[in-house]
Amino acid sequence: MSVFDRGILEGEKEGNRERWGGEPEAEVFPAVPRPPASVDEVIAISTLSHQLFPEQPWDRIAVEEEMARRDGWVRVLVDGCGGLVGYLLARTGVDEVQILQIGVSPAFQGRGHGRLLLRRFLDEVDASGIPMVSLEVRSSNRVARKLYLGEGFRRVGIRRAYYRRPVDDALLMTRPRP
Ligand SMILES: CC(C)(COP(=O)(O)OP(=O)(O)OC[C@H]1O[C@@H](n2cnc3c(N)ncnc32)[C@H](O)[C@@H]1OP(=O)(O)O)[C@@H](O)C(=O)NCCC(=O)NCCS
């Protein structure tokens, strides 16, 4: 079993036990986030982005443009059959990487995949030497906030009524390199 397989099992074990008290699902597949490898994967990112973020979706062209940028990060997590489990979009700025969007397919949510995707991405950023990672999150998004807090992000600011449909505050969070 690889370190990545172990990671996903541990993530699921923690998440499932805490919420439902049961045993983790035995769902083992190559859980290494990587850049998209095909047009189909790019389309899958866009489809999931429209589903999860209808107010600010990334279309296929935007994802491809992000992939072409030197400062763009696009990562996918796929299951053993090549289906999209989740994706992460980010961009390097001045001395920091900003996470633009992270999403896990509804069928896979709450089973540790979001944490795995984020953790492996943070490992990549740390290895690159970039000293800070930042993001914005809806104040009402409890699951995402929990995910970020658990990975070392801390709230550093707030933008009142930043989001629409529904109106919500944006919490600004940063995570210094450990
Ligand atoms: C937010 C998101 C990426 C998290 O990914 P995920 O795979 O569902 O989350 P994980 O299973 O890795 O769990 C992350 C944390 O949230 C908790 N969590 C997950 N689902 C939960 C639920 N339904 N209720 C309460 N807590 C929950 C987990 O317990 C875990 O915390 P812990 O490790 O301290 O126990 C995913 O739910 C998603 O795509 N949501 C819709 C899009 C979105 O909101 N993206 C973030 C925008 S900033």
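Four elements each supply at least two residues of the shell around the ligand: helix H1 (3-20), strand E3 (97-104), helix H4 (113-128) and helix H5 (142-150). Helices (H or I, at least four residues) and strands (E, at least two) are DSSP runs, numbered from the N terminus. This is a predicted model, where local features need pLDDT of at least 70 and side-chain atom pairs count only at pLDDT 80 or more, while totals for chains, interfaces and linings use all residues. Residues are numbered from 1 along each chain as its sequence is written.

Back at the ligand, H5 gives the most to the shell, with 5 residues. Of the 22 residues around the ligand, Gln109, Gly110, Gly114, Arg115 and Ala144 come nearest; a residue counts as near if its C-beta atom, placed from the backbone, lies within 6 Å.

Now for the largest nonpolar core, which has 34 residues. Such a core is a set of buried Ala, Val, Leu, Ile, Met, Phe, Trp, Tyr and Cys residues joined through C-beta atoms within 7 Å, and buried means 20 or more other C-beta atoms within 10 Å (exposed is 12 or fewer, partly exposed in between; C-beta atoms are placed from the backbone). Strand E2 (84-92) brings the largest share of this core, 6 residues. Tyr87 is among the residues with the most contacts inside the core.

Thr174 sits in strand E6 (residues 168-176) and counts as partly exposed because it has 17 C-beta neighbours inside 10 Å. Val133 is 41 residues away along the chain, yet the C-alpha atoms of Thr174 and Val133 are separated by 5.6 Å.
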